[in-house]
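Reader: Can you walk me through this one? Keep it quick.

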Amino acid sequence: MAEVKASLIYGVIAAFLSSAVLAFVEDLDDTFKDTRVNDIWLVDFYAPWCGYCKKLEPVWYDVGAELKSSGSPVRVGKMDATAYSGMASEFGVRGYPTIKLLKADLAYNYKGPRTKDDIVEFANRVAGPAVRALPSKQMFDHMMKRHDVLFVYVGGESPLKEKYNDAASELIVYTYFFSASEEVLPESVSLPELPAVVVFKDGGHFTYDEYEDGSLSSWVNKERFQGYLQIDGFTLYELGETGKLVAIAVIDEKDPTEESGRLKALIQRVAKEYREHFNRDFQFGHMDGNDYINSLIMGEVTVPSVIILNTSNEQYFLPGEPIDTMEQLVQFISGVLNGSAQAYGGDGIIQRIKRVAFDARSTIMSVFRSSPLLGCFLFGLPLGVISLMCYGICTAESDDGSDDMDALKREGLTDEEEEEEEEERQRGGELEGPDEGENEEEDVGEKGPEEKKTD
């Protein structure tokens, strides 16, 4: 009896907690446009049939609970974009799920990993001011420990500060932006002039130069990553937005070899020691395994090896010989930069056709690997129907063709030839007539015993 009561109590508590978590996420309808103006909203636009949306759903409730418990001003909601398609199109929703933070008249798209911590960090970053002040050395040191990459505006009011604020408003979805006075910076940091925009990363600091670096927004977009990264598919997608080429050491971290360690160390050294030469055009890193790279280039890259990707036009570059020294790696990268290295792939019409065929083949193979019976049903049944249709069409054409040949033969005969052919048919009929008569006579002549008695 006590166990029954305990289980009932636990059930009630679980139901209460579940309903409490659900209450942190609001279901939105077509009145949302008029009621959202005074609040900051984090909204998941979903479709009921979308598998990715269903996978995100429990994470989304955790996001709502986390933001509520932390005292964040961000309200969390979800909207069925298929039921309120007009509202979804107004917010620029083109796929599912789409996560947007709506702040006043601005809408910020979330493109990061769909995990609770990443989404909560995005919401807190974008919901706050675009540029945050660092009033003390202690605050500066605290932020340096929290962030691998830190952008700081140093100085007073200026046209550069206005550009910095604009860049922050545009790129706050990717990183934080801070402002500080020169006294807040470490003593080791010496700036040639003020005002200045400085990025702290990779154990050092680098200053924006308008004449060499061009647009401030473009410079920030390229500098928002560390010089050397561990790269995966999602990171590679983000790097594509920087416009940089990506130099990758393809290694197997599960089975490390001396060659893998050597190539990884060479890439790291180039990223650090040749920053001034390559930083504007290249991002450096390593990738574990070659599966993702193979799907990109529609081929196979050996492990370990070095490859340079141009994500803007789907070209890639491979060294002509094995890379054993730093000089060989620098020479290979310089060749890619000056255009002397052989480029493969691309986004031409032939490559696009190859991509369609490759993706179709990959899809079919994955279906057969995961479920052979389902693969036979999905692809075997349509092929069987198509085969029967083709057989029917071919046989129908052959019959029609034989009839057409007879008609053509008749049309090709003259009147005299037709009369001769008719006479031959009649003669054939006369010859057949007596045979039939004889058979009839023979049948008549042969009488049974009863007929004989009657006679």
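Author: Here is a short tour, from the whole chain to single residues.

Author: This is a predicted model, where local features need pLDDT of at least 70, side-chain atom pairs count only at pLDDT 80 or more, and totals for chains, interfaces and linings use all residues. Residues are numbered from 1 along each chain as its sequence is written, and side-chain values use heavy atoms, with hydrogens and water left out.

Reader: How many helices and strands are in the protein chain?

Author: The chain has 18 helices and 16 strands. Those are DSSP runs numbered from the N terminus: helices are H or I, at least four residues, and strands are E, at least two.

Reader: And what percentage of the residues is buried?

Author: Buried residues make up 34% of the 455. Buried means under 20% relative accessible area, exposed over 50%, and partly exposed in between, with a 1.4 Å probe and protein chains only.

Reader: What about contacts across the sequence?

Author: Take contacts (heavy atoms within 4.5 Å) between residues at least 6 apart in sequence. Of these, 70% join residues at least 24 apart.

Reader: Now the core. Which residues touch the most other members of the largest nonpolar core?

Author: L42, L101, I119 and L216 do, in a core of 38 residues. A nonpolar core is a set of buried Ala, Val, Leu, Ile, Met, Phe, Trp, Tyr and Cys residues joined through side-chain atoms within 4.5 Å. Apart from it lies another core of 23 residues, among them A247, I251, L266 and V270.

Reader: What else is buried in helix 9?

Author: Helix 9 covers residues 216–223, and W219, V220, N221 and E223 are buried there along with L216. At the start of helix 9, a side-chain oxygen of S215 reaches to within 3.3 Å of the backbone nitrogen of S217.

Reader: Which side chain does E223 pair with?

Author: K201, through a polar contact of 2.7 Å between side chains. A polar contact is a pair of N or O atoms within 3.5 Å; within protein, one must be able to donate a hydrogen and the other to accept it, and residues adjacent in sequence count only if both atoms are side-chain atoms.

Reader: Is K201 buried or exposed?

Author: Buried, with a relative accessible area of 3%. K201 sits in strand 9, residues 196–201. Beyond four places in sequence, the residues K201 touches include D148, F206, F225 and R275.

Reader: New topic. Where does L56 lie?

Author: L56 lies in helix 3, residues 51–69. L56 counts as buried at 2% relative accessibility. The C-alpha atoms of L56 and D44 are separated by 9.2 Å, with the two residues twelve apart along the chain.

Reader: Last one. Which element gives the largest share of the lining of the largest pocket?

Author: Helix 5, with four residues. By class, that lining has eleven nonpolar, six polar and ten charged residues. Here Ala, Val, Leu, Ile, Met, Phe, Trp, Tyr, Cys and Pro count as nonpolar, Asp, Glu, Lys and Arg as charged, and the others, Gly among them, as polar.
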